[in-house]
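I opened the notebook to look up a few places in this model, and I set down here what I found in the order in which I went through them.

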Amino acid sequence: MDKLIVYMQYPFVRYALIVGILIALCSSLLGVTLVLKRFSFIGDGLSHVAFGAMAIAAVFQLTNKMMIILPVTILSAVLLLRTGQNAKIKGDAAIAMISVGALAFGYLIMNIFSTSSNLTGDVCSTLFGSTSILTLTSGEVWVCTILSIVVVLLFVLFYNRIFAVTFDEDFSRSAGTKADAYNLMIAIIIAVIIVLAMNLVGSLLISALVIFPALSSMRLFKSFKSVTICSAILSVVCAFAGIVISILAGTPVGSTIVAADVLVFAICHVLGKIRGV
Amino acid sequence: MAFITVTDLSLGYDTQVVACDLNFSVSKGDYLCIVGENGSGKTTLMKTLLHLKEPISGKIETGDGLKENEIGYLPQQTIVQKDFPASVREIVLSGCQGRCGMRPFYNREEKELAKENMERMGITHLAGCCYRELSGGQQQRVLLARALCATRKILLLDEPVAGLDPVVTAQMYELIEGLNKDGITIIMISHDISSAAKYASHILHIGNRLFFGTKEEYLNSDIGRIFIERWKGGEING
Ligand SMILES: Nc1ncnc2c1ncn2[C@@H]1O[C@H](COP(=O)(O)OP(=O)(O)OP(=O)(O)O)[C@@H](O)[C@H]1O
Ligand SMILES: [Mg+2]
């Protein structure tokens, strides 16, 4: 405990906690929708796209890599979510295609035009998350905070519409809701979260953050509202616990948070079985 | 002017035409049954009427004070719904989304309307229940209550009795008939030609041959007699 209080005095620990919790919150809010739309793996797919885009940016030696990464990722998200229910290639297959394809191309490009001496290390830290969450600058924390507030606000404001569109797109359209606009909004938000999160915590973690809290709370609750609230709480608790444990025990941040999420899922699964859900 | 007037409508997917040269109209208080074989394009027609997809050619006009988003729709079930965590109350309330305009949350009036319609469909005691744990008949009632929240004028029902047992089917038909008597116009897709003949005021037959007219005209037409014979034959054999 004392150790924790000592650590809390370092700004980098506080930054890590703030950013980790905010990203956990945002991704879990949209996670329920994504899981239900059969887009569980969109986090994985999009972060690989972002990785591919980053490789291209590196080749052109752009100073501001975000200029390429963000638009490319948003575009992929829009394409993936738009094809949706009526597509010839279904959601999961489309994501798998884009994900593997982007990863392969990104690695290929990096290999051919490599400027870095530590290529494998670069790739590894993009995929599994480095310790970069512990090296955040205050500027990055601000960007993250503002974007998170925007995401949460949008989610709360459009909560009823997001529910309606996720539950039954055709009905929503027949009632005059602009379903395409909401799908577009969801796609853009998820792309922004992923790019943000990938830089900070790595792409392995972001998929877990999207999937686990949603699945855990779906074991326990039966209405959309309670599932959403529960998954937000679980996600934040797991992120907090994961970061604290990783600092105290010196384990990798991303993996520790995911481990906490898996544990909570197991607990929820057993609880759900007991309650007879 | 009728609620919905369809002239020379052709529908289909991409280049493939499913049905063409449809002409019919639906007026206030009508009970139109759409019949036809599997794959004849009934669902496609309904989606086109709802502007969920573009017609290949032809016109769909709404009139008599009916706005395009004042149509209640009960779709054939989709896969997503099967494991969706949503309570009955949330689903029925989502029928009010067309009334909100730019307002992000439902107001008291809309919550009241959802409650009324749950009562009307006899599902008030299920309000807190999870949709996916209801029986098929209860699920259809929930979706009907949602459709009623979207409209006071016209309902489009896509096979509302599919998969229901005979008792629940009869209840469902009576519910729908009651709604029609209350002044709500009904357009319903049905495979059950005998019930169509019992309840409908108009029949639209689509397939190789087209027919539109009142129920009496249909029962006396060649196409109607052939279809009913075949249906009865299928009933006995199947
Ligand atoms: N998304 C789609 N893309 C391409 N063709 C489609 C699509 N959906 C349906 N079809 C085709 O359009 C035709 C009409 O389908 P539709 O669903 O309208 O039939 P239906 O009359 O409702 O049949 P059922 O009684 O089985 O519900 C079918 O031949 C089908 O193969
Ligand atoms: Mg159909």
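**Second largest pocket**

I began with the second largest pocket, to whose lining α7, α8 (159–167) and α12 (224–249) of chain A together with α2 (88–93) of chain B each supply at least two residues. Helices here are DSSP runs of H or I with at least four residues and strands are runs of E with at least two, numbered from the N terminus. The model is predicted, with local features needing pLDDT of at least 70 and side-chain atom pairs counting only at pLDDT 80 or more, while totals for chains, interfaces and linings use all residues, and side-chain values use heavy atoms, with hydrogens and water left out. Residues are numbered from 1 along each chain as its sequence is written, and chains are lettered from A and ligands numbered from 1 in the order in which they are written.

I noted a volume of about 470 Å³ for this second largest pocket, and a lining of 19 residues, of which Tyr159(A), Asn160(A), Lys225(A), Glu90(B) and Leu93(B) lie nearest its centre. On a 1 Å grid over the protein atoms alone, a pocket is an open set of points with protein on both sides within 12 Å along at least five of seven lines, a cavity is a set where a 1.4 Å probe fits but cannot get out, and lining residues have an atom within 4 Å of a point. By class, I read nine nonpolar, six polar and four charged residues in the lining of the second largest pocket; Ala, Val, Leu, Ile, Met, Phe, Trp, Tyr, Cys and Pro count as nonpolar, Asp, Glu, Lys and Arg as charged, and the others, Gly among them, as polar.

**Chain A and helix α7**

Chain A has 13 helices and zero strands, and 52% of its 277 residues count as buried, where buried means under 20% relative accessible area, exposed over 50% and partly exposed in between (1.4 Å probe, protein chains only).

I then checked the length of α7(A), residues 138–157: at 1.5 Å a residue its 20 residues should span 28 Å, and the end C-alpha atoms are 29 Å apart, which agrees. The expected span is 1.5 Å times one less than the number of residues.

Which residues of α7(A) are buried? I listed Val141(A), Cys144(A), Thr145(A), Ser148(A), Val151(A) and Phe155(A). They cover an arc of only 135 degrees around the axis, so they lie on the same side of α7(A); the arc is that of the directions from the helix axis to the C-beta atoms. The face turned away from the buried side of α7(A) carries the exposed Trp142(A), Ile146(A) and Leu153(A).

**Largest cavity**

I found two cavities of 30 Å³ or more, and the largest has a volume of about 50 Å³. Its lining consists of Ile23(A), Cys26(A), Leu147(A), Ser148(A), Val151(A), Ile193(A) and Leu196(A), and α7(A) gives the most, with three residues. The lining of the largest cavity has six nonpolar, one polar and no charged residues.

**Strand β7 of chain B**

I turned to β7(B), residues 185–189, where five of five residues are buried. Thr185(B), Ile187(B) and Ile189(B) point one way from the strand, and Ile186(B) and Met188(B) the other way. Strand β3 (residues 31–35) of chain B runs parallel to β7(B) and is joined to β7(B) by four bridges, with Tyr31(B) opposite Ile186(B); two strands pair if DSSP finds at least two bridges between them.

Conventions
Points joined across faces, edges and corners; volume = space filled by probe spheres on them.
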